[in-house]
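Visitor: Could you take a close look at one part of this model and describe how it is built and what it touches?

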Amino acid sequence: MNRPSGPIVSEGEDISREAQRWERETRGPALEGRTERRERFETQALKWPIKPLYTPADLDAAGFDYAADVGYPGEYPYTRSTRPNGHRTDFWTMTQVTGFGKGEDWSKRARYMLDQGLSGLILEYDLATTNGYDSDDPIVEGEVGRAGMALDSLEDLENAFDLPFDKLKYLMSVCNAPQPVNLAMIIAALERKGIDPADFVLHIVNGILIEYTCVGRYIYPPEHGLRIATDCIEYIIRNHPNWAPISIISAQLQPAKANPVQEIAFSLAIACAHIDAVLERGLDIDTVAPYINHFVVNVDMDFFEGVCKLRAFRKCWARLMKERYGATRPEALRIRMMTSPTTIALTLQQPLNNIARLGIMATACALGGAGEAMTTPLYDEAHALPAENAIRVGAAIQHIVAHETGVAETIDPLAGSYYVETLTKQMEDAAFTELDKIFAMGGAVKAIDTGYFQRALGREQYERNKDLEEGRRKWVGVNHLAKADEKREIEIFRLDDAMEEEQVQKVRALRARRDQAAVDSALEKVRQAARDGANMVPPCLEAVKTYATHGEICNAMRDVFGVHSADSQLMGI
Amino acid sequence: MAARSSGEPNDIARRLLDGEIAAGARAIRWLDDRDPRCATLLSAIYAHTGKAQIVGVTGPPGAGKSTLTDMLVSEWRGRGKRVAVIAVDPSSPFTGGAILGDRVRMARHSVDPGVFIRSLGTRGQAGGLSRSTHDAALVFDAMGYDIVVVETVGVGQDEIDVVNLAHTTIIVAVPGLGDEIQAVKAGIMEAGDIFVVNKADRDGYDATHRQMELILHLRASALPPDAPAVPLLRAVAAKGEGAAEIVDAIATHRVQLGEAGEFARQNSRRAREQVLALVRDGLLSRMIGMAADTVFEAVDTRQIDPHAAAARLLDTLAVRKVAA
Amino acid sequence: MGTSYQRPLRVLLAKLGMDTHTVGVTIIGHALREAGMEVIFTGLKQTPEMVCSAAIQEDVDVVGISTLSAGHTRSLPKLARLLREAGAEDKLLVAGGVIPEEDKPVLEAAGVDRIFTMGSDTRDIVAYLNAWWKEQQSEEAA
């Protein structure tokens, strides 16, 4: 095609002029006498304006450069993928959340799942355990064994670990505030069972900073929470280098209404707080970063916000490690992600609609680059009883995306889209601006202390709810195409009073028959280590072996660290 | 029949003098709402006031005032004192609503019968306190609480009404918030009785402490040499550190005030100011009648100036009094 | 207008038990403030005793409980009983969160005045409270 002669202009300027012409001559007239569907087109969470059309001129305006901004899979800055061959060799690991219950119940369910061919399990605990209390503490009445396993002592875990460890390759433990106690119990239980810790991967979530920010299961003041988290990370790096000492669950910020820029900035700032703390212990960035680079990121229904968020996350991590820390090893520069459709997009009303939502979000995950693993929630997530069908459908959704859509046949197929690259770059830039702000105020711990994170989330929560109530956001089944007289049943996991009572008696019986003097001595050593600034894992290990209880060891640390009471911040006040 | 704010004032007064919490709470509600029953109530309890030490706690947001107050309450309770806390937070100037969240940090005292925590919104009043704060303190005084803590936000120069209300004002500072020292300099450093640097285990504590020492030194140099030193204390409220020293300083201040006759003098000044404020309010509401609208219109149309308008309204009042 | 001064409605918001999901209670707190009410938060991990004591001290008109635990079948009736025993049954007791239909009659019989299931529009909650408040005030005037 011959180019029109005339002054030499860049292709971008050429297109820009053409786009303006199109606007004037074609789109403009088509709008005559009509109004658009929305007064303002904007993305769902960030509320950034969406133009009718994106062209190469937009990439120019954003300063886009293919080599610097996008690059190649498995190479810095990893925007297209951290994996050199994408998902052409292996698909992402397809997972689902395990169930819960008392020690014995969990292992029964775990054994069943291992028999079905799963090789990874997730250990979740009840609110008594995650808040650092024993089952017989009056403050936790009604909570024992409900949200997860009740873990009062090494004895409970010894029972739970009645498992075929030859089939189990990966165990994740979700226990944030009392992490050193929990880690110690797992190590001790493995020892008791004669299991070689090098034979599988233990992944502790160790997510205390997210707890302070939006979840609320914290015990000690933030500086001490960070210190004991660092103890666990350092202990694992030095003693169990094949284990994973943290998982930064950005997917907990999102239900608290963090927008994608806040998700990236807050979770990366949190990662830096951990990295900085471990670097202070004498390790270097290329050693440390590969241990901290575990993230769980979800996507919401805004398709492109989801895809671009995943791409931006990869790029931002890589840039941060390189620019802030001077990391050089690919293992340090590559983020590891587990991706997931968010549960908060699912409705109680017309639950079958959620299957469509999950399919769409799982596709967005795959197109954004699913990461190491994907988890699909159940389509009737609002109902706590997982129906068999829901489990099967959840697994099928991932297989359908993987095998039937073709989206994983090539790597990062949406790259080059004018909209996708513009939005990705805008997210990256905005995330770094926010990160600079957080670093300027002293980092994530300072942001938590002053309530900066919590207030930002509180504002988003209120504003987004208003959007929904005032109809600016349409949610099918809720405020659009809603059935006026729809009767939706919420089923919840019913309290089993007998089960709680049993656990209470069990822990009391344990206290009665153990060597109290050994327990007292071990607890004093825990307190001393807390005072001295020593690594908390070894004294916790010694204490759990005397059958000191979970609550007792947590209390020993309460005696030294004090307790954190920032509920007002958590409520955005 | 709704028992919404039911109660007969003399009955409520009798019950609160007995120490009944629900009655005290109802009394404060009437005072806060400017319910007509509060006049009878106040006259029934006033004779029983004048004993409690009112302790103001102020400082910038983030200083940890509520956590500090929570710590002091524990210390006082350990010494057998009964404590009331009035936590004041700003009401929205647009909607009149308020989020009152200070008691969250004092939750562990919520079932202690010797502790009474009450949250108030400023309800349009400037200066950091509500109109009802002083009267609420009187209710607690009459109920027999030894200490009444008034906790408020004190940014800049404006929110210092608490200094006039309290016998003993504690200024809470915190390391690392640079600008806050500037705000603290602006007037409140002159008026505080006890200074506390909270979160003393933070970076920047030494610098903050030195700065405040310097300012207090300058202040002391303007006073007679035998004037008691203004305590500058440290605390880590999250860990309960510093409570004993602060409570001791508050008790010492109480003794100093007593010895100098200051305690009674302050009560007297406060009462007088309250009477004057009530007279001012009363005058205003009497004047806002039909006469006022005409006068305001005359100002709007520039027939008379504001000073003349005020004189005219005052004359109206005088005329009415004579007529009565 | 009868009185020259509008008395704002005072509402206590609390979460009973160990569950710390705050999004719902935060949104409602802000909505009530925007509607001109005074909102007193008691904090998280509250027991019925703590909530009752706070409700009395603050002389609130409404006690609002957010619950995402199954413990509500024990804790809410206990709170209602404590309020009654303290002579505070005239305070409106409302609850919101994850509360199955089948639990509602039991809770209502135990003294919970109104239940707002998760996802209730804050404007409905504000309208309900304002209507109740207006009714109370006109009864008083009578």
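This is a predicted model: local features need pLDDT of at least 70, side-chain atom pairs count only at pLDDT 80 or more; totals for chains, interfaces and linings use all residues.

Guide: Residues are numbered from 1 along each chain as its sequence is written, and chains are lettered from A and ligands numbered from 1 in the order in which they are written.

The domain assignment of chain A, whose bounds come from an automatic or database source, gives domain 1 (8-37), domain 2 (42-79 + 247-407 + 414-482) and domain 3 (101-245 + 489-573). The centres of domain 2 and domain 3 of chain A, taken over C-alpha atoms, are 29 Å apart, and their contact (C-beta atoms, placed from the backbone, within 7 Å) takes 32 residues from domain 2 and 27 residues from domain 3. On the domain 2 side, the elements that each supply at least two residues include helix 11 (260-279) and helix 19 of chain A; helices (H or I, at least four residues) and strands (E, at least two) are DSSP runs, numbered from the N terminus.

Helix 19 (452-469) of chain A also gives two or more residues to the side that touches chain C. In that interface, 32 residues of chain A are in contact with 25 residues of chain C, and helix 19 of chain A provides the largest share of the chain A side, five residues.

Methods:
Two residues are in contact if their C-beta atoms, placed from the backbone, lie within 7 Å.
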